[in-house]
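Q: Please take a close look at a single part of this model. I would like one connected account of a residue in a charged surface patch, with its setting in the chain.

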Amino acid sequence: MNFDYLNDSQKQAVYKTDGPVMILAGAGSGKTRTLVARIQFLLEEKNISPYQVLAVTFSNKAAREMRERLASNTQINVNALQVTTFHAFCAKVLRMEATYLGLSKNFTIYDDGESQSIIKALLAKRGISQKELSPYTVAAFIDSIKNLGHFTSLPMLPEIEKISEDRLLWGLYLEYESELLRSNAVDFGGLITGVLNLFHTYPEVLTKYQQKFRYVLVDEYQDTNRAQFNLIQLLSLLNRNICVVGDEDQSIYSWRGADIRNILDYEKVFPDSTLIKLEQNYRSSKIIIEAASQVISKNLARKGKQMWTDNAEGDEIKIVECRDDRAEAEYVSQQIKKIVEKGVSLKDIAVFYRNNAHSRVIEDALRKEKFPYRVVAGIKFYDRKEIKDMISYMRVVVNKKDSLALTRIINTPARGLGATSLRKIEDEAVRLQLSMFELIERIVQAPYEFKHMSLSAKVMSAISQLTHLIHEVMVMEGAQTLPSLSYEKLLNESGYFELLRADKTYEGSARLENLEELMSALKQFEENEDQPSLLKFLETITLDTTSEESSGESISLMTVHGSKGLEYPYVFLVGVEDNIFPSYKSLESGPTAIEEERRLFYVAMTRAMKELTISFAQGRMLWGSLKFNGPSQFIHEIPSQYYKWLSYQTTAKKNDFGDSQYDDFDQSQNYREDSFDSDKVYQTKKIKDFASFPVGSKILHSLYGNGTVLDSEGSGPEEKVTILFRDGIKKKFMVKFAPLQKI
């Protein structure tokens, strides 16, 4: 076979077929091409049956692409080849061997929602309130157990003992597993732990699969968790022909269980293994590769590679200092305009951000310039569930005939209005020719007139509270209260914020960040309007989002996590500030977390083929307040010979730095590259570990007036206060976004 299209290291990775092999494949090093050639060599040169080869990866898309490449490169029937995902492989094994574990072959695979339902039922059975112990907390605990490869019949490992110090959580986990078995069901994580259980408990079954698969290959090995590592180790014990392909410098998924130790300790587990490094980059310019290599070299947890390229030198990286987040978005849109005018296709341009919420201001700027865009592996800001939910609250406030909006929020968060109660309300509204909100207003005002509807006391209480909340915000709107205050009240008093705050998962945090960004959108809207109102805000975003172009080429927007595996000639990396990138959580968590953030930064840099622009804002709107985080420490790690520093001031007339909201910013500070000292210029401010508003404090709320703090709990961003106001009203607020001041 002719593999002349491969370089020497790639050829070594193809020909070294027997025994344990680790292929360290750097960014843009032709990893997939090499892996496909290796499988082709096994099938055509070594005459290995496709039935004896197992190749596993992480997504259906990656598995499909590998199969398609093999189909075009080889005459062998690749349909007989097992190129699959970990979960699909394990589901197939479990269906074949289900009876060993007391399951039938038609067992159900539960999704996250169904798992949550079981957990909620278990909490209710124990009489535990969901406020006392969130179902999300229990689900995260169960997930962490399964990521480590634990299953209930295996003796507890030391790692498990550390996790399961809380006997309550451990007990719930055991009950949860029993309930799954009773329901003839397996959850997503249980597909892998189920096979581990099967192989440990029934060695004859393990031997069958070891004999079946003589060669095992694992793609994206740096993303494996401990359970997946245990699985491939067991499968390869007999023949020891295990080949893993990965890059420790691109291990960025610890939050969903990925364990970098799998790649760092590979040679300890397989001491006779061969290590092959793919270090030639075919994607990026020399400047980008050398700069990225300098940054990632700061990490200690790595095997060590020296990436290089024969590509052209390329343009210097641009580091752009912008006045605020809107100026940053404007700069990106203006630069894209210049690039497009040179004849560059929109599909060759991408904008990356650390968090999903940061897409909003970029989307606004691109819509203003009428640039079509798509959010890759995500949803456009105003289409996200939590944003649509809160916008629906606002829509009901400004238009009580909007039954569609009310239908969305009447049981969000859950208020005990099931499908039956909702159907009764809908039918009665149709009968009386009223909107749904007009109907529930009348039900609350004169409940005796609607006894025939047989609504429970719980439902009556729920619609009463919702109606009163909407009415209070209607009064605020009539009094020309700022829309951001109305939003704050709706978010807090509806229970929506508390619902998401209880979700400790990565997704829960992202949804809270989106709600934070919606507050910033409202604040920025207020600054540009003489008489801002909820109605005007809703009209603005509706007109903006409905005018988007939806066909043809488009700019790609995505989180840095979503960019992994992709490449673009022109990349804009925005929001590169301390407390954002690296994130606040990682700064608080220590060196290991910072190293993962640095790997994420490295991934972002190495997506760029031709031009890379990195930007940060001197001030950024977060929860409606301007924050000054300063440039990321990662910017300082790029040697100065690889970049040029630019400063961009917005063309907008409003909100010059003389405005009061910018008074805290020291304009005399020079932020040129020669004056950068992260220790002196930008001090990371840690959240105080004491309450801002202790019990007894006299405060002024911009809506409710004077009051006294009755109760205070938490600190920093989690601080909540209960306040008794002069007119006897008692309200509870999250301090981080409530308009409070001491008097």
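**Glu114 and its setting**

A: Glu114 counts as partly exposed, because its relative accessibility is 34% and that class lies between the limits of 20% for buried and 50% for exposed. The model is a predicted one. In the secondary structure, Glu114 belongs to helix 5, which covers residues 112–125. Together with Asp111, Asp112, Asp143 and Glu507, Glu114 makes up a negative surface patch. Membership of such a patch requires over 30% relative accessible area and no salt bridge.

Gln40 sits in helix 2, made of residues 31–44. Its relative accessibility is 8%, so Gln40 counts as buried, the limit for that class being under 20%. With neighbours within four places in sequence left aside, the contacts of Gln40 are Met1, Phe3, Tyr5, Glu45, Leu70, Asn73 and Thr74.

The whole protein gives the background for both residues. There are 743 residues, and 55% of them count as buried; Gln40 is in that class, whereas Glu114 is partly exposed. The protein has 30 helices and 21 strands, with helix 2 holding Gln40 and helix 5 holding Glu114. Among contacts with a separation of 6 or more, 75% join residues 24 or more positions apart. The accessible surface of the protein is about 32,800 Å², and carbon and sulfur atoms account for 49% of that area.

Technical notes. Residues are numbered from 1 along each chain as its sequence is written. This is a predicted model: local features need pLDDT of at least 70, side-chain atom pairs count only at pLDDT 80 or more; totals for chains, interfaces and linings use all residues. Side-chain values use heavy atoms; hydrogens and water are left out. Patches are made of residues with over 30% relative accessible area and no salt bridge: like charges are joined within 9 Å, nonpolar side chains (Val, Leu, Ile, Met, Phe, Trp, Tyr) within 5 Å. Accessible areas come from the Shrake-Rupley method with a 1.4 Å probe; for residues, only the protein chains shown count as cover. A salt bridge is a side-chain nitrogen of Lys or Arg within 4 Å of a carboxyl oxygen of Asp or Glu. Lys and Arg count as positive and Asp and Glu as negative; His and the chain ends are not counted. The place of a charge is taken as NZ of Lys, CZ of Arg, CG of Asp or CD of Glu. Helices (H or I, at least four residues) and strands (E, at least two) are DSSP runs, numbered from the N terminus. Buried means under 20% relative accessible area, exposed over 50%, partly exposed in between (1.4 Å probe, protein chains only). Contact means heavy atoms within 4.5 Å.
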